[in-house]
Amino acid sequence: MQHAAVLEELGREIAESSVFLDRAAEQISSCIIGQKEVVRRVFIALLAGGHILLEGVPGLAKTLIVRSFAASMNLQFRRIQFTPDMLPADLVGTMVYNPRDMEFHPRQGPVFANVILADEINRSPAKVQSALLEAMQEKQVTIGSATFPLPSPFMVLATQNPIEHEGTYLLPEAQVDRFMMKVIVDYPNYEEELEIMLLASASPPLAEIRPVVEPGDIARARSLIDRIYVDSRVQRYIVDLVVATRNPAAYGLQKLETMIEYGASPRASIFLLLAAKAHAFLQHRAYITPEDVKSLAFDTLRHRIIPGYEAEADNISTDDFIRDILQHVQVP
Amino acid sequence: MRGVIERLRNTARCIVPLILAFLSIAVTPHVRAAQPTVTVRVSPDSLYAGERIVCIADIQHPRGTAVAVELPDSAALSPFMLIGRKQSSKPLSASAAEERVEMEFAVFGSGSQRLPPLTLVFFDSRGRISGREEFRPAAVFVKTFTPQEMLELRPLKPPTAPGFPFMLFLPVLLGIFGFAAAVLLVLFFVKRRVRLFSEAVDPAQVASRKLRRLDTRLSSGMLPSECYAELSTIMREYLERHYHIPALEAVTPEIERDLRKLGISSFEAIMSLLRQADLVKFADSRPTAEESRNSIRQAGEIVRSPGNGGG
């Protein structure tokens, strides 16, 4: 069988270029036990230029994952602890008066970094959360009348706790939609827990992590990802999945018609495609398959579907919707 | 002198009767009051048959006595029919009272009709019958309707058109509904039978037939890449129906996982075919017609192999 020469060549390049991710994964795994899928999603978001919202109960190493990830990259990392008394200026920066020249000068906030850890993002009010909108979507920040581009790569890794409601603020839909993926961080299994316990009691885990990824590696990977082949069948499959969240009856899912209040936005299709390409890159492939799409459908769609009151009353989650949709939409 | 006396005597003879006559006149009301007087009025005096007349009898009698009106029985009243009667009394003076009896009759027949006689029964102060007196009221004239008068009184309605005879069409409607129901029933059974039949058909046979058709189309110029896409669909349908796994909605690794659990003999061959098809579909691989034909042949062998339940 004659394979497309371009894709064969691209495949070889990808295999060579993606080595840096293996190195980073190795570094991270030295202090993070388990959570390999979460780490993989973080890599995907980094390669696809997206942002990630990590959701999990306290103590699941959400923050540690992000810190380890940032430590393995030779990138500028800032951690912002979101608190109820924060102001947008604390995040993006503000105009500061300089008595020497008697003028206001912009002072850039902590958002000017490559990797931002927005820890417990839902502890700040919506106005602070919304200050990230421009940064996340347009990779720039406006302070006063001046607009400043953010460093490249720019990535926001936000964490939130789903069980605490006291003193928290729900993320606005526009804000949530800007996250490429919402990753649920689950409990480790028994063996992992045992290993975590021994590791955490032995030495500080972050001390061993060395930066093994350069910004150039990421830029090169991104340029290769742009060239990854996407067949029209896969493109249609992505759109089918997203449209099925808006019009489930058209895909034989009449029962979801009243359960879903709002389906996923077109941003879901864009991010699902970008994430699938990054996933293919991680698999050292020069083309994407429906498997890439399917494996990322939950993380890419779950925060973009708004369940109706019937679903909430029946305790049906958006993951259940996505599972139904994946089981009904025919794979090409 | 004697003459004067005689003249005075004569004058007195003339005056005394006059005085007596005057006194008799002056005392008469009291005397009359002591005797009952009866007045009977009937109105109207002319009417159409079926209409009603009112007969009022006013009886003045001394106070302390009573009066009643007796009527003959209904047969004797004919052509009059008593509808109702009302009696009231009121004092006229210290010694007299008036009794009023109002009777309403329906009148039938035609021509001049006389009311039956009324019998007044007088009772003294002790309640004993003191006397009876019969009065015959005036006659009334009963008119009859001519046909013209009948029409003027109640004009005839024009004849109305008869309504649509729905009842006549009821059997037809029932027949149509019955026929439709029978057709639907037949369709239901036919569809059910077709479904059962299609379920009963061996998936391997279906797949084999589709593969033969695909081979024919490939020979007649079908693009090998399209051939692989269709081959993949045929194999997935076969796997879904034969092994009852959701192969059409599953990606290749998921099918691999499910088949591995089943432990079928041609696992490697199936997976090899599906992976090849994936390369053609998603990795822009370009197989030759011969490679496509080989894959179709290989797929045919898989579905016909005894280990897979094929025939």
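**Reading helix packing and chain contacts**

Q: How is a pair of packed helices described, and at what angle do the axes of α5 (residues 203-219) and α9 (residues 289-304) of chain B cross?

A: Two packed helices are described by the angle between their axes and the distance between the axes. In this predicted model, the axes of α5 and α9 of chain B come within 9 Å and cross at roughly 165 degrees. Angles over 145 degrees count as roughly antiparallel, so α5(B) is roughly antiparallel to α9(B).

Q: Is the crossing of α5(B) and α9(B) left-handed or right-handed?

A: The crossing of α5(B) and α9(B) is left-handed.

Q: Which residues of α5(B) and α9(B) meet?

A: From α5(B) come B:Ala204, B:Ala207, B:Ser208, B:Leu211, B:Leu214, B:Asp215 and B:Leu218. They meet B:Ala289, B:Ser292, B:Arg293, B:Ile296, B:Ala299, B:Gly300, B:Val303 and B:Arg304 of α9(B). By class, this contact has nine nonpolar, three polar and three charged residues.

Q: Now α6 (residues 224-243) of chain B. How far does this helix reach from its first C-alpha to its last?

A: Compare the span with the one expected at 1.5 Å a residue. Helix α6(B) has 20 residues and reaches 27 Å, close to the expected 28 Å.

Q: Which residues of α6(B) are buried?

A: Burial is read by counting neighbours: a residue is buried if 20 or more other C-beta atoms lie within 10 Å of its own. In α6(B), the buried residues are B:Pro224, B:Cys227, B:Tyr228, B:Leu231, B:Ser232, B:Ile234, B:Met235, B:Arg236, B:Tyr238 and B:Leu239.

Q: What covers the buried residues of α6(B)?

A: The cover includes α5, α7 (252-262), α8 (267-282) and α9 of chain B.

Q: Turn to chain A. How many helices and strands does chain A have?

A: Chain A has 14 helices and eleven strands. Of its 332 residues, 43% are buried. Among chain A contacts with a separation of 6 or more, 81% join residues 24 or more positions apart.

Q: How many residues of chain A are in contact with chain B?

A: On the chain A side there are 21 residues, in contact with 18 residues of chain B. Helices α10 (232-246), α12 (290-301) and α14 (318-328) of chain A each supply at least two residues of that side. α12(A) gives the most, with three residues. By class, the chain A side divides into eleven nonpolar, six polar and four charged residues.

Terms used:
Residues numbered from 1 in each chain as written. Chains lettered and ligands numbered in written order. Predicted model: local features only at pLDDT ≥ 70, side-chain atom pairs only at ≥ 80, totals over all residues. Axes fitted to C-alpha atoms, helices over the stretch in contact; angles between N-to-C directions. Helix = DSSP H or I, 4+ residues; strand = E, 2+ residues; numbered from the N terminus. Parallel < 35°, antiparallel > 145°, perpendicular 65-115°, else oblique. Left-handed = near helix turned anticlockwise from the far one by under 90°. Contact = placed C-beta atoms within 7 Å. Nonpolar A, V, L, I, M, F, W, Y, C, P; charged D, E, K, R; others polar. Expected span 1.5 Å × (residues − 1). Buried ≥ 20, exposed ≤ 12 C-beta atoms within 10 Å, placed from the backbone.
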